Amino acid sequence: MESFRGPISSRCTENNTGSVRDAMKNYWLGYSQNANVAEMLCDSDGAEISKKELPEVLGFLPDMRGKKVLELAGGVGRFTGIIAQQACHVTTVDFMEPFIEESKKNNKNQTNIDYIIDDVNNLEFENESFDLIFSNWLLCYFCEDDLHKLLCRLLMWLKDCGFLFVRESCYESSGNMQVDTTNPSIYRFPECYNNYFQSTSVKSDDHTRWGFSLRFTRNIQSYIKFKGNRNQICWLVQKKRLSDETLDCDYEEFLRNKQNSKKDILRYEKIFGEGFTDIGGLQMLQEFTNKLHFRPEQKVLHVGCGIGGDDIYMAKVCFEIGDITDRQYPRDFFDVIIGGGAMRHVRNKKALMAHFFDWLKAGGSLVISDFCLGEDPTKLQARGSLKADDCKLYTSKEYSEIIEGAGFVEVKSEDRSKQMTAFLKRARMKITENLQEYLEDFSNDDLNTLVTRCNNEVKRYETKDQIWCLFSAQKPAPAYR
Ligand SMILES: C[S@@+](CC[C@H](N)C(=O)[O-])C[C@H]1O[C@@H](n2cnc3c(N)ncnc32)[C@H](O)[C@@H]1O
């Protein structure tokens, strides 16, 4: 499958990297005559959009106090000065001299900025020089070969646990301006960047292997609101030490594995219903929506949204890929938090409940569906059979106490095991009744594994080793506190 849109000339091979670089530079020569924001964003509404998106993009960055930041392709410096107000030092680089000169004027009050006029491809820094590397629209001007090399160098320049923020136009151009030159930019699919981040690794002199770990990826909301453009995507990734088990595989192999997991998702969707890859599907969603009485202006965080059947059903959606246990949202931000199937994989539930409490507005609602140990503590079979994720299982009472311990009130738990058993039996019946049809998509082994999984779960519910619980709770409204 194609992974980007862009002119054939941009698809670099070992032999044409130089000409791709020239094409990109020529393009920017055409767009840097006036050195203003509209021109730099290649959009006549650039100044207006910039005002709207600046706070949003800056809000995605980690705490920069006392940190050293490298800004790639800083342009006229609309981010540079603001970052410099928080960080201890900023190095900003751009290959267009007029942009850097304008940036110097715009940020003349900041004395902690180094300006470099150069192609990012030519940069050299000591290893572990920066805490954060900020790149807002650069990678689409890099051909594949250069991009791979750049990501390796960025990994080396980052300190241990340092962050890389990247924002890119995916699928298509974001601007409405057209100068004479043809646009050589490469509008990749977001998966392509995901794959690059996940498959890049380097070895430092002490033979430690480093890679990127994804903190989150999502689209920029101000572009959706202002331009109806959902294709402005950003990523926050963090430098991490790779263990021997996570040694990188070759890029092609990595992509093949990805394709396979996509196939799995599509196959499970066939059993659980369009948009759903887990038991319960649309019916479970209706349970949630009935409980929560959504209103159009509400902000909902759905943890573990899967392939998003629920969310498309609910509202305007911003999908985010990330690890909820690492994510930081603003305090008092969401009206509702829903914890679905993914909750079972969260090891430190106490810490997550504390975050949920922080992120919810006063009076906001929490709904979680998760499985728990049966009330009889002597029946510990479930603990053994659910060990795969190494998660501690709780009884519904213990689980409720954890929710309460985080500060929630009106904590209720409902045993929904019967309902879950019915879902499981229905899925099992669907498979046996449509065996021939499913065998076109699944192997016999796959189907057997699925049926065995259903049988085992049903058994655990029937013996009450395990129960399926629906928890609901409120963050106290102001009068309560
Ligand atoms: C769309 S502008 C974004 C500027 C800035 N990051 C912002 O968001 O305000 C893209 C910038 O990338 C710079 N650029 C593109 N390729 C570059 C390269 N190889 N080295 C340095 N700068 C580059 C251009 O000169 C331009 O300033």
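What percentage of the 481 residues in the chain is buried? Buried residues make up 35% of them, where buried means that 20 or more other C-beta atoms lie within 10 Å of the residue's own, exposed means 12 or fewer, and partly exposed is in between, with C-beta atoms placed from the backbone. Here are my notes on the rest.

1. Ground rules. This is a predicted model: local features need pLDDT of at least 70 and side-chain atom pairs count only at pLDDT 80 or more, while totals for chains, interfaces and linings use all residues. Residues are numbered from 1 along each chain as its sequence is written.

2. Confidence. The chain has a mean pLDDT of 84, with 83% of its residues at 70 or more; pLDDT is the predictor's confidence in each residue, from 0 to 100. Please be careful with residues 1-10, where the pLDDT is below 50. Beyond near neighbours in sequence, that stretch has 24 contacts in the model, a contact being two residues whose C-beta atoms, placed from the backbone, lie within 7 Å. Where pLDDT is low, the predicted coordinates should not be read in detail.

3. Overall make-up. There are 17 helices and 16 strands in the chain; these are DSSP runs numbered from the N terminus, with helices (H or I) of at least four residues and strands (E) of at least two. Of the contacts between residues at least 6 apart in sequence, 72% join residues at least 24 apart.

4. The ligand shell. The ligand is surrounded by 21 residues, and the closest are Ala73, Gly75, Phe95, Val120 and Tyr141; a residue counts here if its C-beta atom, placed from the backbone, lies within 6 Å of the molecule. Helix H1 (17-30) and strand E3 (89-94) are the elements that give two or more residues to this shell. By type, the shell holds 14 nonpolar, four polar and three charged residues. In that count Ala, Val, Leu, Ile, Met, Phe, Trp, Tyr, Cys and Pro are nonpolar, Asp, Glu, Lys and Arg are charged, and the others, Gly among them, are polar.

5. Helix H5. In H5 (residues 97-106), Phe99, Ile100, Glu102 and Ser103 are the buried residues. They line one face of the helix, because they fall within an arc of 160° when seen down its axis; the arc is that of the directions from the helix axis to the C-beta atoms. Glu97 and Lys105, on the other side, are exposed. The cover over the buried residues of H5 includes helix H2 (37-40), helix H4 (80-86), E3 and strand E4 (113-117).

6. Helix H14. Ser396, Tyr399 and Ile403 are the buried residues of H14 (residues 396-405). Their arc is 60° seen down the axis, so these residues also line one face of their helix. Residues three or four places apart point the same way, because an α-helix has 3.6 residues a turn. Helix H12 (349-359) and the strands E14 (360-373), E15 (409-415) and E16 (466-474) are included in what covers them. After H14 comes Gly407, with a positive phi near 115°.

7. Helix H17. Cys454, Glu457, Arg460 and Tyr461 are buried, and they line one face of H17 because they fall within an arc of 130°. Asn444, Asp445, Asn448, Thr452 and Glu462 are exposed on the other side.

8. Backbone angles to check. Most residues other than glycine have a negative phi. Tyr171 is not a glycine, yet its phi is positive, about 65°; it sits in the loop between strand E6 (158-169) and strand E7 (187-188). Asp332, also not a glycine, has a positive phi of about 50° and lies in the loop between strand E12 (321-322) and strand E13 (334-339). Asp332 is exposed because it has 12 other C-beta atoms within 10 Å, whereas Tyr171, with 15, is partly exposed.

9. Arg215. This residue of strand E9 (residues 209-219) counts as buried, because 20 other C-beta atoms lie within 10 Å. Leaving out residues up to four places away in sequence, Arg215 touches Leu236, Val237, Gln238, Gly322 and Asp326. Arg215 and Asp326 are 111 residues apart along the chain, with C-alpha atoms separated by 6.7 Å.
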